[in-house]
Amino acid sequence: MKVSIITPCYNAAAYIEKTIAAVQQQTLSDWEMIVVDDGSTDNSADVLKKITTTDNRIKLIKKENGGTASARNLGLSVAIGDYIQFLDADDTIAPDKLQRQID
């Protein structure tokens with residue numbers, strides 16, 4: 001596994017699909033995405049469950065709200081990639097970002 005992408009998610013149902021789509025469009029295919037639902041009170045978990053059933057590279061971890069740092073640390077504890085990429089739930093990345101960084 002080359003890259004573990006860790007995404008803390010708190011009430012980001014309106015954005016998370018676009019964020020995940022940007023990761024799925026990467027030219028580098030050797031990645032895992034760990035989305036840590038940090039106790040969202042919107043339907044983020046439902047959106048994420050639907051996506052994780054169609055792409056096994058995306059993993060969902062649910063936890064009680066503890067803040068972005070605790071969500072990132074939990075993601076780090078299960079990451080298996082050689083490299084770590086943090087990506088917020090309302091951000092996107094260019095399709096060649098991971099490949100360019102690896103190169």
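# A walk from ring to sheet

Start by selecting R72 and F86: R72 lies over the face of F86, 5.2 Å from the ring centre (a charge counts as over a ring if NZ of Lys or CZ of Arg is within 6 Å of the ring centre and within 35 degrees of the ring normal). You're looking at a predicted model, in which local features need pLDDT of at least 70, side-chain atom pairs count only at pLDDT 80 or more, and totals for chains, interfaces and linings use all residues. Residues are numbered from 1 along each chain as its sequence is written, and side-chain values use heavy atoms, with hydrogens and water left out.

R72 lies in helix 3 and D88 in the loop between strand 4 and helix 4 (97-102), so the pair ties together parts 16 residues apart in sequence. Helices (H or I, at least four residues) and strands (E, at least two) are DSSP runs, numbered from the N terminus. R72 is partly exposed, with a relative accessible area of 26%; buried means under 20%, exposed over 50%, and partly exposed in between, using a 1.4 Å probe and protein chains only.

Four of them form an open sheet in the order 3-2-1-4, with parallel pairing (two strands pair if DSSP finds at least two bridges between them). Strand 3 (58-63) and strand 4 (83-86) are at the edges with a single partner strand each, so one side of each has no neighbour in the sheet.

Zoom in on the pairing of strand 1 (residues 3-9) with strand 2 (residues 31-38), which runs over seven bridges. Here I5 sits opposite M33 in strand 2. Now bring up helix 2 (residues 44-52), which packs on the sheet and touches strand 1, strand 2 and strand 3; contact means heavy atoms within 4.5 Å.

Over in strand 4, pick Q85. Is Q85 buried or exposed? Q85 is buried, at 12% relative accessible area. Its contacts, leaving out residues up to four places away in sequence, include V3, I5 and L98.

Last stop: select K63 and D38. This salt bridge has its closest N and O atoms 2.6 Å apart. K63 lies in strand 3 and D38 in strand 2, so the pair links parts that are 25 residues apart in sequence. D38 is buried, with a relative accessible area of 4%.

Key. Axes are lines fitted to C-alpha atoms, for helices over the stretch in contact, and angles run from 0 to 180 degrees between N-to-C directions. A salt bridge is a side-chain nitrogen of Lys or Arg within 4 Å of a carboxyl oxygen of Asp or Glu.
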